[in-house]
Amino acid sequence: MTPFMPGEVNNFQQTIRREREFVGIGLHNGRVAKVNLRPLDENSGILFRRMDLNKKEIPADSANVSDTLQATTLRFDGAEVGTVEHLLSALAVLGIDNLLVEVDSPELPILDGSAAPWMLFLLSACGISRQRAAKRFIRVKKTVEIKDGSRSVSFLPNDGWVNYRVTIDYPHSVVQRSGNHFAHTLSAYEYGRDISRARTFCYLNDVELMRKNRRALGGSLANAVVYDDNGILNEEGLRYENEFVRHKVLDVIGDCYVNGNLILSDYEGVQPGHKLNNQLMRALMADKEAWEYVEAPLN
């Protein structure tokens, strides 16, 4: 099997070099959240710690995903943390295997609605430190697929790469004109250039309904692309011509890193979402004949 992205991703496990803290607003609960990122030892995985709930810990694991309505939420031992997908997406691309995320709120900050601030903070403020243990991947051995009407997501075996192909189909002309398909072979450089700045998005008519349901209370044009039937409401417009589908790829990468391992496979998604992605991850992990752990060579 060809190692994942030779020369692109370190074959050793990694954590951050320095502990760092920042604050931001939660997209859905609208609360200020303080986040402290700390390095963790080898083979520790991604761990969230709720500082406001007696330091209860929530391991990143597909089995711990409790809510997928407009974000991915993890829950364990009575504690939860939401909107984790953008951070997980950045961690996947940067090859960070072990990290402690301390937060004093039930939701991570949305920042600007993309993964770019997470990447910048991790690279410039925290730094990345190579560890001694080999990086471990999940290699898909047979096709696993989840369907929901015309929507579908699947993992397909390949020769040891991490590929994503996503197609979206929204009824709004603004989204249709922007482009409905995007493919990406995982690469930190290309992700940083082509995907990381893509923001979460919503239709203006949906905002009022979300807020009636106590969602999107922290949302604004500073952290989301909002559109109506006439166009984009953000003065600066789109960051990419097809920003909508690129953000879907960003979310997919985060949702597929919820176990802290890159998935060696071709991911194909037609109108994917957090719920389908988690169903796919659970289906994969439940079928012991469909996958295996493989370690990167260290020589």
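Predicted model: local features only at pLDDT ≥ 70, side-chain atom pairs only at ≥ 80, totals over all residues.

## A buried helix

A residue counts as buried when its relative accessible area is under 20%. In helix 1 the buried residues are Glu85, His86, Leu87, Leu88, Ser89, Ala90, Leu91, Ala92, Val93 and Leu94. That is 10 of the 10 residues of the helix, so helix 1 is largely enclosed by the rest of the structure.

## Helix 1 against helix 2

Helix 1 covers residues 85-94, and helix 2 covers residues 116-126. Their axes come within 9 Å. They cross at roughly 50°. Helix 1 and helix 2 are therefore oblique to each other. The crossing is right-handed.

Which residues meet here? Helix 1 brings His86, Leu87, Ala90, Leu91, Val93 and Leu94. Helix 2 brings Trp118, Met119, Leu122 and Leu123. By class, this contact has 9 nonpolar residues, 1 polar residue and no charged ones.

## Helix 1 against helix 6

Helix 6 spans residues 243-255. The axes of helix 1 and helix 6 come within 7 Å and cross at roughly 80°. That makes helix 1 roughly perpendicular to helix 6.

From helix 1, the contact takes in Glu85, His86, Leu88, Ser89, Ala92 and Val93. Their partners in helix 6 are His247, Leu250, Asp251, Ile253, Gly254 and Asp255. How do the residues of this contact divide by class, and how many are charged? There are 5 nonpolar, 4 polar and 3 charged residues.

His86 and Val93 are listed in the contact with helix 2, and also in the contact with helix 6. An α-helix has 3.6 residues a turn, so residues three or four places apart point the same way.

## Nonpolar cores

The largest nonpolar core holds 77 residues. Within this core, Phe48, Leu108 and Leu284 touch the most other members. Helix 1 gives the most to the core, with 7 residues.

What does Leu108 touch, leaving out residues up to four places away in sequence? The list is Ile25, Gly26, Val35, Phe48, Val81, Gly82, Thr83, Val84, Leu87, Val101, Val103 and Trp118. A second core is separate and has 5 residues. Among them are Cys202, Val207, Ala216 and Val226.

## Ser178

Ser178 sits in helix 3, which covers residues 173-178. Is Ser178 buried or exposed? With a relative accessible area of 8%, Ser178 is buried. Apart from neighbours within four places in sequence, Ser178 is in contact with Leu238, Glu241, Asn242 and Phe244.

## Two positive phi values in loops

Asn43 is a residue other than glycine with a positive phi, near 60°. Asn43 lies in the loop between strand 3 (32-39) and strand 4 (46-50). Its relative accessible area is 62%, so Asn43 is exposed.

Gln70 is another residue other than glycine with a positive phi, here near 65°. Gln70 is placed in the loop between strand 6 (65-67) and strand 7 (73-76). With a relative accessible area of 37%, Gln70 is partly exposed.

Conventions
Residues numbered from 1 in each chain as written. Heavy atoms only, no water. Axes fitted to C-alpha atoms, helices over the stretch in contact; angles between N-to-C directions. Helix = DSSP H or I, 4+ residues; strand = E, 2+ residues; numbered from the N terminus. Parallel < 35°, antiparallel > 145°, perpendicular 65-115°, else oblique. Left-handed = near helix turned anticlockwise from the far one by under 90°. Contact = heavy atoms within 4.5 Å. Nonpolar A, V, L, I, M, F, W, Y, C, P; charged D, E, K, R; others polar. Core = buried A, V, L, I, M, F, W, Y, C linked by side-chain atoms within 4.5 Å. Buried < 20%, exposed > 50% of the residue type's maximum accessible area, 1.4 Å probe, protein only.
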